[in-house]
Amino acid sequence: MFQILTDLTRESRIEVALPLAIKDLVRLKLADAARSRLAFEQQYGIDFEAFRQAWEEDRVADKHSYDVGRDYWEWEAAVTDEQRLQQMIERLS
């Protein structure tokens, strides 16, 4: 593990390599969450908060279909993950 960590970060000091690797991992996961959120925003043409409000007001077509329901939960997870990961980045900076 030490060898992989030092190879990935190009840093031989573990106390420097480990924080670098963690920051990179959080950034990658943040980018994935943002891509997922953006894909849903493009698909539905609104942000999640507007979609959630429309959902609660029964203004979402096929609200009870498997696909739309799955989109809701995956979109909500992407938004939540993105917020959580952004907070991690801020703590790591």
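I began at R10, which sits in the loop between helix 1 (2–9) and helix 2 (14–44). I'm working from a predicted model, by the way. The phi of R10 is near 60°, a positive value, and R10 isn't a glycine. Buried or exposed, I wondered about R10? R10 counts as exposed because its relative accessibility is 76%.

Next I went to D58, in the loop between helix 3 and helix 4. D58 also isn't a glycine, and its phi is positive, near 60°. I noted D58 as exposed too, with a relative accessible area of 56%.

Which residues make up the largest nonpolar core? I wrote down 10 residues: F40, F48, F51, A54, W55, V60, V68, Y72, W75 and V79. Helix 3 (48–56) and helix 4 are the elements that give two or more residues to this core. A second, separate core has five residues, among them V26, L30, L85 and I89.

Leaving out residues up to four places away in sequence, F51 touches Y44, I46, V60, V68, Y72 and W75.

Last stop was D71, in helix 4 (residues 66–92). D71 is buried, yet I found no salt bridge for it. How far away is the nearest side chain of opposite charge? That side chain is R70, 4.2 Å from D71, while a salt bridge has to be within 4 Å. With residues up to four places away in sequence set aside, D71 touches F40, Q43 and Y44.

Note on methods:
Residues are numbered from 1 along each chain as its sequence is written. This is a predicted model: local features need pLDDT of at least 70, side-chain atom pairs count only at pLDDT 80 or more; totals for chains, interfaces and linings use all residues. Side-chain values use heavy atoms; hydrogens and water are left out. Helices (H or I, at least four residues) and strands (E, at least two) are DSSP runs, numbered from the N terminus. Buried means under 20% relative accessible area, exposed over 50%, partly exposed in between (1.4 Å probe, protein chains only). Lys and Arg count as positive and Asp and Glu as negative; His and the chain ends are not counted. Contact means heavy atoms within 4.5 Å. A nonpolar core is a set of buried Ala, Val, Leu, Ile, Met, Phe, Trp, Tyr and Cys residues joined through side-chain atoms within 4.5 Å.
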